[in-house]
Amino acid sequence: MSPVEKTSASKKGTVNVNGDINKLKRGFAYNLFYKQGKTTHTATLNDYYLAVAHTVRDRMQYLFVNSTEALLVKGGKTVCYLSAEFLMGPHLGNNLINLGMYEDVAQAAEETGLDLQAILNHEEEPGLGNGGLGRLAACYLDSLATLQIPAIGYGLRYEFGMFDQELEDGWQKELSDRWLHPGNPWEIKKPDMDCEVGFGGHTEIYHGEKGNRRVRWIPGRVISGIPYDTPVPGYKVNNVNLLRLWSAQAPKSFDFEEFNVGDYFGAVEEKMAAENITKVLYPNDEQFQGKRLRLEQQYFLVSCSLQDMIRIHLFMNDSLDNFYDDFQGQLNDTHPAVAVPELMRLLVDVHYYDWDQAWDITCKTLCYTNHTLLPEAMEKWQLDLFGTLLPRHLEIIYEINQRFLDKVRLKYPGDDARLSRMSIIDESGPRYVRMANLACVGSKAINGVAAMHTDLLRKYTLKDFNEMYPGKIHNVTNGVTPRRWIALSNPRLTKLLIDAIGEGWVTHLEELKKLEKLVDDASFRDAWRKVKESNKKDVADYAYRENGTVVDPKAMFDVQVKRIHEYKRQHLNVLHIITLYNRIKANPNIDLTPRVFVFGGKAAPGYFMAKRMIKLITSVGDVINTDPDVDDRLKVFFVPNYNVKIGQVVYPMTDLSEQISLAGKEASGTGNMKFSMNGALTIGTMDGANVEIREEVGAENFFLFGLNVEEVMELKASGYNPMDYYHGNNELRAVIDLINSGHFSHGDRDLFRPLVDSLLYDDQYLLFADYQDYLDCQDRISETFRDQDQWTRMSILNTARMGKFSSDRSINDYCRKIWQAEPFPVELKWQRIPEGGIVFPKPL
């Protein structure tokens with residue numbers, strides 16, 4: 001049951017889509033029988049989930065159709081968010097919260113004999129994203145709808161999403177993510193709105209009616225893009241926005257002539273080749289075929305999406321002259337950056353605009369979000385591959401680059417080094433197309449995702465572009481939606497918040513500030529502490545019930561869940577754990593604050609070192625969890641297959657959030673925000689959004705350690721030698737020597753040698769340099785946790801001061817700084833939804 005439901009009514013002017021309990025119950029039965037073809041005698045839990053989901057979607061369609069109609073009739077700027085990832089999470093619970101239906105559906109389910117919680121737990125998570133990039137996109141879609149900003153999220157409908165992760169003897173094992181197998185009740189296929197996308201082939205020159213030079217692209221093959229639409233409702237508003245995902249299909253899926261002569265594979269070869277484009281999220285690109293497929297995916301996404309945007313615009317307008325007044329395209333990182341030459345191609349080659357007008361429209365339409373400071377993550381494509389796959393686009397990029405570099409020469413005459421750095425074509429060695437440079441040149445605005453990240457972009461990563469175009473690089477600090485990350489995932493905290501300060505914070509997170517006046521209220525602190533303890537006890541009870549693991553809910557739950565990467569420094573966390581273990585072994589009677597260490601996250605399939613980090617975590621856990629000297633003072637767990645659904649359990653239970661990346665490496669982070677919103681305290685470096693979180697919650701409520709960006713640069717410039725730290729720190733040397741001895745690998749001294757050697761002889765991310773400060777900070781944390789009253793005060797203040805980190809604030813920043821988009825409240829002009837779920841329009 002959602003506590004939001006108990007105290008809130010729908011906003012003024014919004015429709016009551018839920019109807020009464022009896023109609024919902026009839027809807028369950030109707031969909032079970034007519035859509036699933038089942039009765040209660042044969043229905044499975046999946047059948048019941050689909051029946052409930054279809055019942056909810058039927059009612060949501062009422063708002064969705066009204067939203068679409070209103071926008072087509074009245075017009076208004078639509079934000080188009082182009083992203084390779086949309087990590088939406090399970091839909092049902094979030095939709096029930098936003099539609100104001102949670103309590104009614106729970107009651108209808110109970111009266112029908114269904115367990116709504118079991119149904120929610122059963123829902124398969126859409127495998128459309130990997131981590132923060134995709135989850136941010138999902139939060140932004142939620143906020144766009146809630147703020148009544150018309151929006152379309154454009155992505156790919158991957159048949160197999162990010163792999164499912166299992167642990168086999170402590171090693172990551174990747175399994176196919178068959179997220180579509182149980183059925184997806186939220187999507188609606190729109191085959192009549194397909195788009196054709198070309199690849200390969202050649203170009204030819206011809207002359208138009210006025211004798212002007214034109215270029216025609218003759219693709220070597222053509223793929224059809226079929227849209228699948230998923231409605232995205234705002235919180236208790238009439239607006240429902242759209243997530244449109246493209247699926248690749250062959251125009252001709254079966255060749256009878258090939259089949260009839262016995263070539264059974266050839267009869268479906270074209271179909272199989274086409275469908276590969278949306279077969280899997282992020283194919284392994286270590287091999288050439290993987291690189292080619294990733295580029296195909298990126299182009300397929302932007303071509304389908306831009307064609308769709310143009311089609312919608314021309315449905316309401318006679319020309320594309322004012323295309324940017326109707327659509328603002330936001331490129332979520334460089335994956336959709338090929339949108340720049342594709343929009344130029346569509347305008348120049350298909351709609352016959354001259355170059356200058358087409359370039360003006362393109363630059364006023366597209367905006368670019370940069371998400372990384374890591375040079376190796378700056379995407380670029382081999383020229384030969386790009387030219388073979390997209391010959392016309394390479395010609396357009398050459399023209400864009402030539403015109404752009406001419407402007408650079410005029411502004412900075414004789415500065416060949418600057419020309420080389422800013423060129424879209426990297427000619428320093430093997431030639432590449434630099435996608436970040438392309439996005440910077442072809443967008444009206446660039447933004448970073450945290451104040452520190454944006455500052456580093458301006459000073460270093462995009463310094464040349466910042467000097468060339470002052471004011472073009474903006475900051476929009478990331479945010480997360482409180483609807484999913486508090487209201488849905490932490491119902492106990494939600495109830496406490498609503499009882500204390502009302503429900504306004506659900507859409508105006510800054511209202512959490514009202515909690516500050518309750519910090520000195522002993523009864524409120526006690527209630528706050530009980531919420532956290534109850535959340536932890538739920539997890540402890542589950543662990544014991546599932547595998548007999550005993551977890552003390554009164555211990556500190558110390559959590560690091562995120563993608564496994566060396567710069568995120570999960571292995572620094574492990575070094576601390578082994579240090580505590582060594583202290584216990586040296587003095588079994590030592591008084592330590594009990595901790596339960598929880599890790600979670602996936603390593604890229606080809607990332608050797610990250611996979612070894614997972615193995616180290618699980619191996620350390622195997623030893624510590626069974627060593628009688630430890631006596632339950634330390635527990636170490638790795639939660640496999642970390643995803644949104646697991647995150648909804650992890651964030652509410654956490655006492656300490658580990659945000660320990662090397663300063664200057666993390667663009668922003670959003671997990672840090674979710675933890676703090678749910679009352680966790682943070683140990684972190686001055687990296688990404690940690691800087692702003694610390695500013696907001698107060699330095700006294702944030703556990704800071706480690707080198708800052710300037711100190712990192714100075715240390716590396718001076719000739720950092722990790723061996724100096726190894727020899728100079730007894731505890732660090734003891735930890736490394738214990739790993740090397742085979743203590744955590746059944747005597748195998750070679751298992752973790754690659755990981756240890758990388759630290760001893762390179763230590764790119766300065767674990768050894770930050771180790772002692774990290775330990776000292778952890779000791780302070782242990783002492784603070786012993787004073788539960790003080791810890792609770794700090795926890796309340798963390799939540800109270802997180803208003804800035806709502807994705808609603810982020811979207812408002814985008815609207816004000818970049819998109820110039822205005823709210824478009826939808827007024828309902830349709831009759832009430834009938835019992836069967838069908839909507840009839842009023843007569844015109």
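Good morning. I begin with Gln-328, which lies in strand β11, residues 327–332; helices (H or I, at least four residues) and strands (E, at least two) are DSSP runs numbered from the N terminus. This is a predicted model, in which local features need pLDDT of at least 70 and side-chain atom pairs count only at pLDDT 80 or more, while totals for chains, interfaces and linings use all residues. Residues are numbered from 1 along each chain as its sequence is written, and side-chain values use heavy atoms, with hydrogens and water left out.

Is Gln-328 buried or exposed? Gln-328 counts as buried because its relative accessibility is 0%; buried means under 20% relative accessible area, exposed over 50%, and partly exposed in between, with a 1.4 Å probe and protein chains only. Beyond neighbours within four places in sequence, its contacts include Cys-80, Cys-367, Ile-818 and Trp-819, where contact means heavy atoms within 4.5 Å. The C-alpha atom of Gln-328 is separated by 8.3 Å from that of Tyr-81, although the two residues are 247 apart along the chain.

The side chain of Gln-328 also makes a polar contact of 3.1 Å with the side chain of Lys-444. A polar contact is a pair of N or O atoms within 3.5 Å; within protein, one must be able to donate a hydrogen and the other to accept it, and residues adjacent in sequence count only if both atoms are side-chain atoms.

I turn to the core. A nonpolar core is a set of buried Ala, Val, Leu, Ile, Met, Phe, Trp, Tyr and Cys residues joined through side-chain atoms within 4.5 Å. The largest one has 269 residues, and Phe-300 and Trp-819 are among those that touch the most other members. Helix α10, residues 288–316, contributes the largest share of this core, 11 residues. Leaving aside neighbours within four places in sequence, Phe-300 is in contact with residues including Leu-156, Phe-199 and Trp-246.

Finally, the cavities. On a 1 Å grid over the protein atoms alone, a cavity is a set of points where a 1.4 Å probe fits but cannot get out, and lining residues have an atom within 4 Å of a point. The largest cavity has a volume of about 130 Å³. Its lining has 14 residues, and among the closest to its centre are Met-88, Asp-142 and Arg-484. Helix α4 gives the most to this lining, with four residues.

Key: 1 Å grid on protein atoms, 1.4 Å probe; cavity = no way out; pocket = protein on both sides within 12 Å on 5 of 7 lines; lining within 4 Å. Points joined across faces, edges and corners; volume = space filled by probe spheres on them.
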